[in-house]
Structure formats: structure tokens, C-alpha cells
Amino acid sequence: GDVYKRQQVQPILKAALTLHSAVCAKYKKTAINFHYEFSVRHISNVFQGVLQAQSSKFDEPEKLIKLWIHESERIYCDRLVSVKDIEEYKKMMMDKVKNSFGKFSNLYKYTLPKDPEFLVFAMFAADIHEKSYDQIPSLARLSELLNEALREYNDVNAKMNLVLFEDAMRHVCKINRIIANPGGHVLNVGVGGSGKLSLSKLAMFICGYSPKELMISGSYDMNDLRLDIQMAYQRAGVKEEGTLFFFTEGVLRKDDFLRYINDILSSGDIADLYTTDEKEQLLASMRTAAKSAGIPENQPDLVYDFFISVSYTHLTLPTNREV
């Protein structure tokens, strides 16, 4: 019951802290693995993931521990780049589970370095049209859910001939988990033609987001990028639509573009995104929503800050990088 579940909170917190310390000590930033830099932000992201779930869905304390195992793997393990590093992480997690939750003898099988038991939590666990973060019971059930989503996507969009094998389905779940969070951005890295964009589109469709894809040509310049970002912000901030702003590494090759992309990722506020006239029009369209949120409509700076915060919440950037 609830009392039994609450009894697991302290052990989970303790295990999470010791795991985080072990990860920080084990995986250090290098010239090659420059993103191996784990901080308090990462452990907070673990619990942000845990708190997506509804307590009513967790009748057994083991399920709560499995959720923590899953969220930790998403935050730490998904950032690791070599088979050796990943296997070492899983062994580390297996030891933590055995030491902290030894009385739950079935849990270790979810942490095995080789062929672990299937463990996936997703926002569409019950149904692709129902947002409820829960455990998907089996790979077969995940396949049913994602193939249904793909059929529905193909009914209303240009057809994607996707073969949803296990790794592809797991990637859809990972992308979906990130972009379902406010201000969630994802970097997909893989060889060309491996389906990074298609999997992002399917994850987006399940979230109910609308896509905005950058089409970069030789003549595409800063003003074109500014107008495309304005369009995405119009959807995300004024219409409050979940919006995916797709771009590929072609955008990253232009140094001038990086400033805009970095501003979107860090705060959403781009200093010269709007001219004075454009900003006045924007503020006029936001006054009603700002007033409903308790923001004085005669304070343009506050209304604009409100617009940026709403845009940041509803906009996500999946970046696709080839290796």
C-alpha cells in the first residue's frame, strides 16, 4: 500500500545519491567525451522523470524502484558513447540495486549488463492518445502501440516506410520522453539514413506536436532563419501549440546561426529576433493571454517575458547529427 511505497522513498534517495556520486567519479570529461560532465542538474532530471508518473499507477514498491532504475538509465546511460562505458554503468547500477534493495530479488534482472529484462516507461503506455507515464509491460505491447501510431501518422502525413525493430522503438520512447517535457531538446546522433528524423517525427506525432523543418539552401541566410524561428515561436507562444523545430547539422555549419540556436536552447530569448514594429504586433496578440495569467497588459516587458516563457515551454529542438 501507500505506507509500503513511502518506505522505499528514503532508500531510493540514498541509492540515487550514491549512484550519482559514482557516475561523476567514473565518467570524466575528456577531449573526445567532452559531454561527460555530470552535475546536480542530472540528478534533478532523474527525479523530474520519476515525478511524471502518477502515484495511483504504482501499487507495488518494486515498480517505483523500477521507475528510478529506468529514469537513471535515461539520464546517465543514454549519454555514454561506448559499449564498455555502458556495460560498466549497468554493472554499477546492478550493484546499487543488490545493495540497496536486496529484498526485492527480481529487480536485478532489469540491471544485467547483458540481455536485461525489458524495462520501458513511456507517456503513451496505456494508449497513444492518453498521456499517462507508466510501464509498458512487454516489447510486444510496445510494438502494438508504435505500429498503431505509425499507421495513424501515415493516414495524415506523407507516408513513412519505417521498420520498427527493437532499437528503433526504444529510440522513439527516448525521444518522446524528452520532448514531452517543457523545453525538452534532443540530439540524435547516427549514420546518415538511419532514421533519426523519421523516429523524431513519430515521437512528435504521439506528443501531438506540429513540425517545423528547416530547409537549408545555398541562399539561406540569417534573415531566413529569423523568419523561420518567428514562425515557430508564433505556433509555440501565441497559439500554444507543441512545436518541433527540426534542423540538421547543416545549420550548425554556419557560425552565425549558432547564436540563435544557442539562445533558443538556453533561455528561448533571442535579442534581435523582432523589429520594433514586429514586437508591437506580437505584444498586441499576447495581451489577452498575459492578462489571464495575471500579467499587467500595460507592462510590455513583462508581456514579452511571458511570451518567451510560453514559447520555451512549447518549443523543442530535435537536432540530427551524422557520424
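Helix α2 (residues 9-26) and helix α5 (residues 83-100) cross at roughly 155°, and their axes come within 11 Å. The two helices are therefore roughly antiparallel to each other. This is a predicted model, in which local features need pLDDT of at least 70, side-chain atom pairs count only at pLDDT 80 or more, and totals for chains, interfaces and linings use all residues. Residues are numbered from 1 along each chain as its sequence is written, and side-chain values use heavy atoms, with hydrogens and water left out.

**Helices α2 and α5**

- On the α2 side, the contact uses Ala15, Thr18, Leu19, Ala22, Val23 and Lys26. On the α5 side, it uses Glu88, Tyr89, Met92, Met93, Lys96 and Ser100. Contact means heavy atoms within 4.5 Å.
- By class, the contact of α2 with α5 has seven nonpolar, two polar and three charged residues. Ala, Val, Leu, Ile, Met, Phe, Trp, Tyr, Cys and Pro count as nonpolar, Asp, Glu, Lys and Arg as charged, and the others, Gly among them, as polar.
- Axes are lines fitted to C-alpha atoms, for helices over the stretch in contact, and angles run from 0 to 180 degrees between N-to-C directions. Under 35 degrees counts as roughly parallel, over 145 as roughly antiparallel, 65 to 115 as roughly perpendicular and the rest as oblique.
- Helices (H or I, at least four residues) and strands (E, at least two) are DSSP runs, numbered from the N terminus.

**Nonpolar cores**

- The largest nonpolar core has 34 residues, and Trp68, Tyr76 and Tyr89 touch the most other members. Such a core is a set of buried Ala, Val, Leu, Ile, Met, Phe, Trp, Tyr and Cys residues joined through side-chain atoms within 4.5 Å.
- α2, α3 (40-50), α4 (61-75) and α5 each supply at least two residues of this core. α4 gives the most, with six residues.
- Tyr89 touches Leu19, Val23, Tyr27, Ser72, Glu73, Tyr76, Cys77 and Leu80, not counting residues up to four places away in sequence.
- Another core, of 31 residues, lies apart from the largest one. Its members include Ala149, Tyr153, Met169 and Val186.

**Two buried residues**

- Asn33 is found in the loop between α2 and α3. Asn33 is buried, with a relative accessible area of 16% (buried is under 20%, exposed over 50%, partly exposed in between, with a 1.4 Å probe and protein chains only).
- Asn33 touches Lys28, Val81 and Asp85, not counting residues up to four places away in sequence. The C-alpha atoms of Asn33 and Val81 are separated by 8.0 Å, though the two are 48 residues apart along the chain.
- Thr316 lies in strand β6 (residues 315-316). Thr316 counts as buried, at 1% relative accessibility.
- Thr316 touches Ile179, Gly184, His185, Tyr209, Thr243, Leu244 and Phe245, not counting residues up to four places away in sequence.

- Helix α9 (residues 222-238) and helix α13 (residues 300-314) pack at about 95°, with their axes 7 Å apart. That makes α9 roughly perpendicular to α13.
- Tyr233, Ala236, Gly237 and Val238 of α9 meet Phe307, Ile308, Val310, Ser311 and His314 of α13. This contact has six nonpolar, three polar and no charged residues.
- Helix α6 (residues 139-156) and helix α8 (residues 196-207) cross at roughly 90°, and their axes come within 10 Å. α6 and α8 are therefore roughly perpendicular to each other.
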